[in-house]
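Visitor: I should like to look closely at the salt bridges here, and then at what surrounds them. Could you take me through them step by step?

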Amino acid sequence: MTWTPDCIPDQSGRLAVVTGANSGIGYVTARELAHRGAHVILACRSRERGQEAMQRLRTEVPDARAELRMLDLADLKSVRSFAEGWSHDRLDLLVNNAGVALVPFSRTADGFESQFGINHLGTYALTGLLMPHLLASANPRVVTVSSEGQRFARFDMANLNAERRYRAAFAYVQSKRANLYFAMELQRRADINGQKLRSMAVAPGLTRSNVLTGGANSTRGRAYGILTRLLLRVAFRPTPDGAKTSLYAATVPDLPGGSYVVPDGPFQLRGEPVLRRRERAIRDSSTAHQLWMLSEQLTDVHYSLSP
């Protein structure tokens with residue numbers, strides 16, 4: 001069966017944060033939630049691009065309830081500032097969408113390898129700092145965007161932060177495996193503590209976005225830009241299709257916590273949202289626990305959930 005955003009139930013009264021909502025999957029996710037009545041906070045790194053996204057959103061969804069707030073996952077000071085500036089009585093939905101992919105080696109403001117630091121540590125810290133507001137909701141949900149590429153990760157706990165050799169592709173899929181470990185461990189801790197919070201992970205499949213051409217990848221030269229844009233047009237599917245798994249995980253009413261939503265096509269590259277249960281990383285609670293402890297140590301963010 002084909003699942004489309006038309007299947008999304010009314011979201012009126014729901015308060016949602018979507019990180020990286022100025023473009024790509026994040027923008028489509030925010031737009032569709034707003035279109036169905038949710039109050040959406042667009043959490044963006046660039047004020048200029050965030051304002052452009054807000055203008056576009058208000059054009060496409062004239063009655064949208066939306067606001068823009070600044071958030072840079074590459075800087076834990078920015079993450080803390082975002083959480084400390086929270087002005088609502090609760091948070092019903094957090095979509096951890098923002099991330100980088102296959103970028104040249106660099107360090108975040110706090111000294112972490114950028115893909116691990118942004119994709120995982122920034123996400124871990126933001127979710128933990130917002131946890132009191134999530135637990136104030138009657139039905140809180142966290143959706144973390146991983147990648148179909150995580151299946152190829154050689155997860156090396158001793159080289160998560162590029163302590164040794166750095167290879168962009170290996171660091172990327174490793175950070176996306178970390179996203180999956182994080183989402184599953186968060187659900188385990190919520191269950192142990194008797195919380196109603198539901199944590200999901202998703203893989204969008206091959207999707208057209210600026211993650212391979214924007215940000216740090218924009219400095220890779222003209223030939224890289226031309227070839228990558230050609231590849232995106234030929235092999236990758238439209239952005240709204242890639243946003244389906246995020247929207248499915250965020251809105252399907254009876255979806256159980258700990259779900260991993262992926263496209264149902266070959267190699268999870270395209271297709272309709274489906275639950276994937278036969279994934280080794282989902283059951284690897286030992287590695288997930290080790291990663292959680294390391295993340296707590298590196299970010300100094302401690303959740304209000306017992307292990």
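Guide: Glu67 and Arg69 are joined by a salt bridge, with their closest N and O atoms 2.9 Å apart. The term salt bridge is used when a side-chain nitrogen of Lys or Arg lies within 4 Å of a carboxyl oxygen of Asp or Glu. Side chains of opposite charge can pair when their charged atoms come close. Glu67 counts as buried because its relative accessibility is 18%, and Arg69 counts as buried at 15%; buried means under 20% relative accessible area, exposed means over 50%, and partly exposed lies in between, for a 1.4 Å probe and protein chains only.

This is a predicted model, in which local features need a pLDDT of at least 70 and side-chain atom pairs count only at pLDDT 80 or more, while totals for chains, interfaces and linings use all residues. Residues are numbered from 1 along each chain as its sequence is written, and side-chain values use heavy atoms, with hydrogens and water left out. The pLDDT is the predictor's confidence in each residue, from 0 to 100; the chain averages 91, and 90% of the residues score at least 70. Helices (H or I, at least four residues) and strands (E, at least two) are DSSP runs numbered from the N terminus.

In total, the structure holds 13 salt bridges. One of them joins Arg36 to Asp6, with 3.4 Å between the closest N and O atoms. This pair links distant parts of the chain, 30 residues apart: Arg36 is in the loop between helix H1 (24–35) and S2, and Asp6 is in the segment before strand S1 (15–19). Arg36 counts as buried at 13% relative accessibility, whereas Asp6 is exposed, with a relative accessible area of 67%. Arg36 also meets Glu32 in a salt bridge, at 2.7 Å from N to O, and both Arg36 and Glu32 are buried. These residues belong to a network of salt bridges that links Asp6, Arg31, Glu32, Arg36, Arg56 and Glu60.

Another arginine, Arg45, lies in the loop between strand S2 (39–44) and helix H2 (47–60). Leaving aside residues up to four places away in sequence, Arg45 touches Met70, Leu71 and Asp72, where contact means heavy atoms within 4.5 Å. Arg45 and Thr19 are 26 residues apart in sequence, and their C-alpha atoms are 8.8 Å apart in space.

Two helices remain to be described. Helix H4 (residues 114–135) has 22 residues and reaches 29 Å from its first C-alpha to its last, close to the 32 Å expected at 1.5 Å a residue; the expected span is 1.5 Å times one less than the number of residues. H4 has a kink of about 40 degrees at Leu129, shortly before Pro132; the bend is the angle between axes fitted to the seven residues ending at a residue and the seven starting there. Of the 22 residues of H4, 18 are buried.

Helix H10 (residues 285–299) has 15 residues that should span 21 Å, which agrees with the 21 Å between its end C-alpha atoms. Among the buried residues of H10 are Leu291, Trp292 and Glu296. The cover over the buried residues of H10 includes helix H3 (76–84), H4 and helix H5 (168–192). Just after H10, Asp300 takes a positive phi of about 60 degrees.
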